[in-house]
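Reader: Could you give me a close look at one part of this model? I'd like to hear about the side of one chain that touches the other, and then something about the partner chain itself.

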Amino acid sequence: MHGAGPGIAFWVLSAVTLVAAGGVMVSRNLLHAVLFLILTFVGVAGFFVLLSADFLAMAQIIIYVGAIAVLVLFAILLTPRAGRDNSETKMALPAILLSVCLAAVFLFVIHDANWATVTESPGIGASELGEALLTTWVLPFEIASVLLTAALVGAIMLARSAQEEAEDALA
Amino acid sequence: MTIGIDHFLTVGALLFCLGLAVALSKRNAIGVLMGVELMLNAVTLTLLTFSRFSVSDRPVTGQTFVVMVITVAAAEAAVALALAVSVYRNRDTVDVDKINLLRS
């Protein structure tokens with residue numbers, strides 16, 4: 001990826017994404033953490049555009065920012081007495097140490113490996129992706145739709161109250 | 001300066017490690033879930049990076065894999081948040097330290 005444009009976009013996006021992800025870690029209020037999480041999702045969608053995956057960038061915005069973030073916000077608002085604080089358990093220090101060690105291993109591998117790369121983007125549009133999903137990968141595609149249906153039914157079953165269950169038993 | 005595969009992979013790796021730290025250290029179950037979502041995002045970013053930069057006959061496979069990961073992430077988020085709401089209804093807390101019914 002040559003030129004100033006992608007370079008500037010990359011550095012701005014990585015700053016925004018990583019600072020927002022750090023905000024999820026350090027912010028004391030759970031609602032602020034969700035807002036930082038949304039900013040991270042938007043930054044990752046920007047990376048998708050930079051990697052010339054336009055359709056997936058849109059899907060990222062719609063699914064993560066539109067659906068999952070709202071779901072997380074609803075879950076926080078539906079658990080009011082649980083508190084809004086986003087503090088750590090006693091395992092915070094070991095967890096951070098483990099993450100730093102893992103990051104060191106990752107960075108070593110990334111910079112040490114000799115990646116065979118192409119310079120030109122393969123240029124995959126939504127039509128190529130749709131064709132691949134409905135020809136080569138049609139079985140995983142159908143299994144994914146069954147999984148989504150099962151998750152929908154399971155979420156409804158888990159989240160309904162005992163009173164609603166009793167009403168259903170009477171009916 | 002040329003932006004190559006290692007730049008994108010570095011961002012993905014750092015995002016994954018931040019998500020791991022959040023998922024392992026947060027007290028609130030919904031905070032733990034946010035860490036899991038961060039890790040899933042880092043993985044999709046890495047998959048797309050390889051799809052864009054790798055020498056491959058069929059680079060579209062990487063993007064197909066990302067579609068699957070996003071689907072599973074959506075299903076996981078829905079079920080896990082329903083679990084959190086259900087636990088809250090029964091125990092009045094979503095603190096992972098206080099959900100210890102199985103401890104004798």
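Author: What follows starts with the contact between the two chains and then turns to chain A. Keep in mind that this is a predicted model. So, how many residues of chain B are in contact with chain A? The count is 65 residues of chain B, and they meet 75 residues of chain A. On the chain B side, the elements that each put in two or more residues are helix 1 (5-25), helix 2 (29-53) and helix 3 (60-91). Helix 3 of chain B gives the largest share of that side, with 22 residues.

Now for the partner. Chain A has seven helices and zero strands, and reading along its sequence you get α-α-α-α-α-α-α. Why is chain A described as more spread out than a compact globule? Its radius of gyration is 21 Å, while the globule rule gives 16 Å for 171 residues; the value for chain A is well over that, so the chain counts as more spread out. If you'd like dimensions, the C-alpha trace of chain A spans about 65 × 45 × 25 Å along its principal axes. On burial, 24% of the 171 residues of chain A count as buried. And if you take the contacts in chain A between residues at least 6 apart in sequence, 57% of them join residues at least 24 apart.

Methods
Residues are numbered from 1 along each chain as its sequence is written. Chains are lettered from A and ligands numbered from 1 in the order in which they are written. This is a predicted model: local features need pLDDT of at least 70, side-chain atom pairs count only at pLDDT 80 or more; totals for chains, interfaces and linings use all residues. Two residues are in contact if their C-beta atoms, placed from the backbone, lie within 7 Å. Helices (H or I, at least four residues) and strands (E, at least two) are DSSP runs, numbered from the N terminus. The radius of gyration is taken over C-alpha atoms; the globule rule is 2.2 Å times the number of residues to the power 0.38. A residue is buried if 20 or more other C-beta atoms lie within 10 Å of its own, exposed if 12 or fewer, and partly exposed in between; C-beta atoms are placed from the backbone.
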